[in-house]
Amino acid sequence: MSIYIYINIESKASPMVGEHGLSEEVQNTLYALIAMLIIYIIWIIVMVIMACPLLKTASKRKAFITFFNISMLIMALIGIAAGGFSPFPYDGFIYLAFVAMFNIYVFLLQFLFVPTRTTLDEYENE
């Protein structure tokens, strides 16, 4: 998203960007941002692979929460990429749906992290 915003601002506001393409400064920034994005995606993939063996020993609730968080992260990255690089014009409804998805995610996390009855019983016994 940063790449998309930076390119649009540069191409609209800068007289250096003409019909010949992006300036060298913008291209270098674009390459740096793409490199950081690739490093971040590789780091996330490594973390998911390292977490997979731990999910086998975790409780069903913990495994569900972890799977839910990972799937939400993937949906957010896809949504940002689709919104940033989509050839379609800006649509307020799609943006509203994307923000609503995050609100639903936060409400579900609140519900999932509510203490269970067994947790409350353990706390009372201490």
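In this tour, a residue is buried if its relative accessible area is under 20%, exposed if over 50%, and partly exposed in between, computed with a 1.4 Å probe on protein chains only. Residues are numbered from 1 along each chain as its sequence is written. The model is predicted, so local features need pLDDT of at least 70 and side-chain atom pairs count only at pLDDT 80 or more, while totals for chains, interfaces and linings use all residues; side-chain values use heavy atoms, with hydrogens and water left out.

**The whole chain**

Begin with the entire chain, shown as a cartoon. Its secondary structure consists of five helices and zero strands, and the pattern along the sequence reads α-α-α-α-α. Helices (H or I, at least four residues) and strands (E, at least two) are DSSP runs, numbered from the N terminus. Of the 126 residues of the chain, 13% count as buried. Among contacts (heavy atoms within 4.5 Å) between residues at least 6 apart in sequence, 60% join residues at least 24 apart.

Next, colour the chain by pLDDT, the predictor's confidence in each residue, from 0 to 100. The mean for the chain is 78, and 75% of its residues reach 70 or more. Confidence is lowest in helix H1 (residues 2–13), at a mean of 61, and highest in H4, at 86. Where pLDDT is low, the predicted coordinates should not be read in detail.

**Helix H4**

Select residues 92–112, which form helix H4. H4 has 21 residues and reaches 30 Å from its first C-alpha to its last, close to the 30 Å expected at 1.5 Å a residue; the expected span is 1.5 Å times one less than the number of residues.

Which residues of H4 are buried? They are Tyr-105, Leu-109 and Leu-112. Viewed down the axis of H4, these buried residues fall within an arc of 70°, so they line one face of the helix. The arc is taken from the directions from the helix axis to the C-beta atoms. Turn to the other side of H4, where Phe-93, Leu-96, Ile-104, Phe-107 and Phe-111 are exposed.

**Aromatic pairs**

Display the aromatic side chains. Four aromatic pairs are present in the structure. Rings of Phe, Tyr and Trp (its six-membered ring) pair if their centres lie within 6.5 Å; planes under 30 degrees apart count as stacked, over 60 as edge-to-face and the rest as tilted.

Select Phe-68 and Tyr-105. Their ring centres are 5.5 Å apart and their planes stand at 35°, so this pair is tilted. The pair links distant parts of the chain, with Phe-68 in helix H3 (residues 60–85) and Tyr-105 in helix H4, 37 residues apart. Phe-68 is buried at 16% relative accessibility, and Tyr-105 is buried at 18%.

Move to Phe-98 and Phe-102, whose ring centres lie 4.9 Å apart with planes at 90°, so the pair is edge-to-face. Both residues lie in helix H4, four residues apart, about one turn of the helix. Phe-98 is partly exposed at 21%, as is Phe-102 at 29%.

**Two further stops**

Select Gly-83, in helix H3. Gly-83 is exposed, at 52% relative accessibility. The C-alpha atoms of Gly-83 and Tyr-95, twelve residues apart along the chain, are separated by 8.4 Å.

Finally, select Thr-57 in helix H2 (residues 24–57). Thr-57 is exposed, with a relative accessible area of 71%. A polar atom of the Thr-57 side chain lies 3.1 Å from the backbone oxygen of Leu-54.

Technical notes
Polar contact = N/O pair within 3.5 Å; in protein donor to acceptor, adjacent residues only side chain to side chain.
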